Amino acid sequence: MMNPELEMRLKNLNNLPSPPGVATQIIQMAQDPDVRLEDVALMITRDPSLSAKILRVANSPMYAQRRKCNNLRQALIVLGLNAAVTLSLSFSLVSDLQKESANGLDYPHFWRRSLLGAIAARAIAEQCGMMHREELFLAALMQDLGMIALDRAMPELYGGANDIQHDHSSLCAYEEENVGTDHASVGAWLLSEWGIPAFIQTAVGASHTLEADGEEHSQSRACVALSGVFADMWMSDANETHVSVAAAAANESMGMDKEAVGEVMNMISAQIPDLAAMFEMELMNAAESESILERARETLMIRNLISLQEATELRKAARTLKTRTQSLERATRHDEVTGVCNRKRLDELLETGFRNACRFGWPLSIAFVDLDHFKKVNDTHGHVKGDAVLRAAASMLSNNVRASDTVGRYGGEEFIVILPGADTEGAKVVAERILRGFRSAGDNPAWNSDVTVTASIGTATVAGSDVYKTVRDFVDAADQALYAAKESGRDRACQAEDRASSTSEVA
């Protein structure tokens, strides 16, 4: 936004840039919805230089026609009404503005950046399949127009910035510091004074804003802003930093990958000779253009290799992190000696299972398993052998239950098996299978002929009843059944529900 003081100062200037007579006619035509191609042709033919430029641009790589246009009428048909008007305005404005004399502004650099930006904007628009390519060409061509106005209004401004005129970002910061705005805002204001269509005014005003914000024409504004970045890259002779900045900006603002960036640079290189001649500007010869293009390609290739290497390293790091996360998760959920669920995880699963069984009436059983005389194993053979027996017991338990069941170490030589969906009869079947597993475990290398291990088991079942008020009551019932199994001689299973019935009968 331009401050009112500066706006007043510009309006009071007698030498403020203004469009020439031909450009004024073209602007009026652009705003006339009923304008005809014949009217445009008549206006163009009055200016032989403009006619020659329009004919030449129609035969340039910008339009890549198979057949050459031999006259203005054919050229206008190829270009179309809108493009013919916009390009005519571009040629007319630049032709007149180039005659202006500068105060502190570096005119050769200014016009070189302007034309390279215009070529880049059209190439970006073509690569991205955008409409209004000629309007974007004109907007990019005029994106630094405000610098001419500021140079007129404040002759000393750019004279004190000779060292930063070739660094566009630094130049904009310098303008903000000394004027309170930048040349993009001034340029948009000046185009508004001239009566240039609002679409172009807005694009010029936002030429330093790369982000496409999703609003109407935001992609067009981002295209013009990006064109300046490409122009700076080209003018830096494809300096590695500028190429990297351009590639990153193209990806972030327009979603262009490195291949698309390479195509845009190819198009810029192809269009430079013709457009430089048409606008009567000195840019670079074919050899210089090809050299810059080659350096840019090399930088992009190196960036691509670096990106691939970084992607590979990121994937490797992600795999390592995933493995570590899985290991950490396993460590927090599994018993480090036996590998089955640890006490904390077991309590979580018991709480969830009990709550669902009570709420939905689903049957749930648990088997409380205790290894018989395990203390003798540790006392006789040592804790290393004891740990091996615990691991073998955990493995045997896991192999004798269903895939939906969960085995966990409750503490010491005690295990709990959670049996979702199992009623009292189902729990009894599983308990008997576990007992047989222990009895036939003599061939297991974890316990040989000098180590005999059996187990006692207590089971409990809940299925929506109010027999057990809490999960603690549920586990205690299985524990009491386990105690009864040990009291009855060990190597056997008892059910809490059987004991509850017996107690009721005695009472």
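## Close-up views of a predicted model

**View 1. Arg 113 and Asp 232 form a salt bridge, with their closest N and O atoms 2.8 Å apart.** Arg 113 belongs to helix 7 (residues 107-127) and Asp 232 to helix 13 (residues 218-235), so the pair ties together parts 119 residues apart in sequence. Both Arg 113 and Asp 232 are buried. A salt bridge here is a side-chain nitrogen of Lys or Arg within 4 Å of a carboxyl oxygen of Asp or Glu. Buried means under 20% relative accessible area, exposed over 50%, and partly exposed in between (1.4 Å probe, protein chains only). Helices (H or I, at least four residues) and strands (E, at least two) are DSSP runs, numbered from the N terminus. The model is predicted: local features need pLDDT of at least 70, side-chain atom pairs count only at pLDDT 80 or more, and totals for chains, interfaces and linings use all residues. Residues are numbered from 1 along each chain as its sequence is written, and side-chain values use heavy atoms, with hydrogens and water left out.

**View 2. Glu 175 is buried yet has no salt bridge.** Glu 175 sits in helix 10 (residues 168-179). The nearest side chain of opposite charge is that of Arg 113, 9.8 Å away. For charge, Lys and Arg count as positive and Asp and Glu as negative; His and the chain ends are not counted. Residues up to four places away in sequence aside, Glu 175 touches Met 147, Leu 150, Tyr 158, Gly 180, Thr 181, Asp 182 and His 183. Contact means heavy atoms within 4.5 Å.

**View 3. Glu 126 and Arg 122 pair within helix 7.** Their side chains meet in a salt bridge of 3.4 Å, N to O. The two residues are 4 apart in helix 7, which means that about one helical turn separates them. Glu 126 is partly exposed, at 31% relative accessibility. Arg 122 is buried, with a relative accessible area of 4%.

**View 4. Arg 490 and Asp 372 join two loops.** The salt bridge between their side chains is 4.0 Å, N to O. Arg 490 lies in the loop between helix 21 (471-487) and strand 5; Asp 372 lies in the loop between strand 1 and helix 18 (374-381). The pair is 118 residues apart and links distant parts of the chain. Arg 490 is partly exposed, with a relative accessible area of 30%, whereas Asp 372 is buried at 2%. A network of salt bridges links Asp 370, Asp 372, Lys 486 and Arg 490.

View 5. The buried residues are Ala 427, Val 430, Ala 431, Ile 434, Leu 435, Gly 437 and Phe 438. The arc is that of the directions from the helix axis to the C-beta atoms. These buried residues pack against strand 1 (364-371), helix 19 (383-399), strand 3 (414-420), strand 4 (455-462) and strand 5 (493-495). Helix 20 (residues 424-439) has 16 residues and should span 22 Å at 1.5 Å a residue; its end C-alpha atoms are 23 Å apart, which agrees. The expected span is 1.5 Å times one less than the number of residues.

**View 6. Helix 3 lines up its buried residues on one face.** In helix 3 (residues 37-45), Val 40, Ala 41, Met 43 and Ile 44 are buried. Seen down the axis of helix 3, they fall within an arc of 165°, so they line one face. Their cover includes helix 2 (21-30), helix 4 (48-58), helix 5 (72-79) and helix 6 (81-97).

**View 7. Helix 14 is followed by Gly 255.** The phi of Gly 255 is positive, near 70°. Helix 14 (residues 240-254) has 15 residues and reaches 21 Å from its first C-alpha to its last, close to the 21 Å expected. Its buried residues include Val 243, Ser 244, Ala 246 and Ala 247.

**View 8. Gly 386 is a buried residue of helix 19.** Its relative accessibility is 0%. Neighbours within four places in sequence aside, Gly 386 is in contact with Phe 374, Val 377 and Asn 378. The C-alpha atoms of Gly 386 and Glu 413 are 9.4 Å apart, and 27 residues separate the two along the chain.
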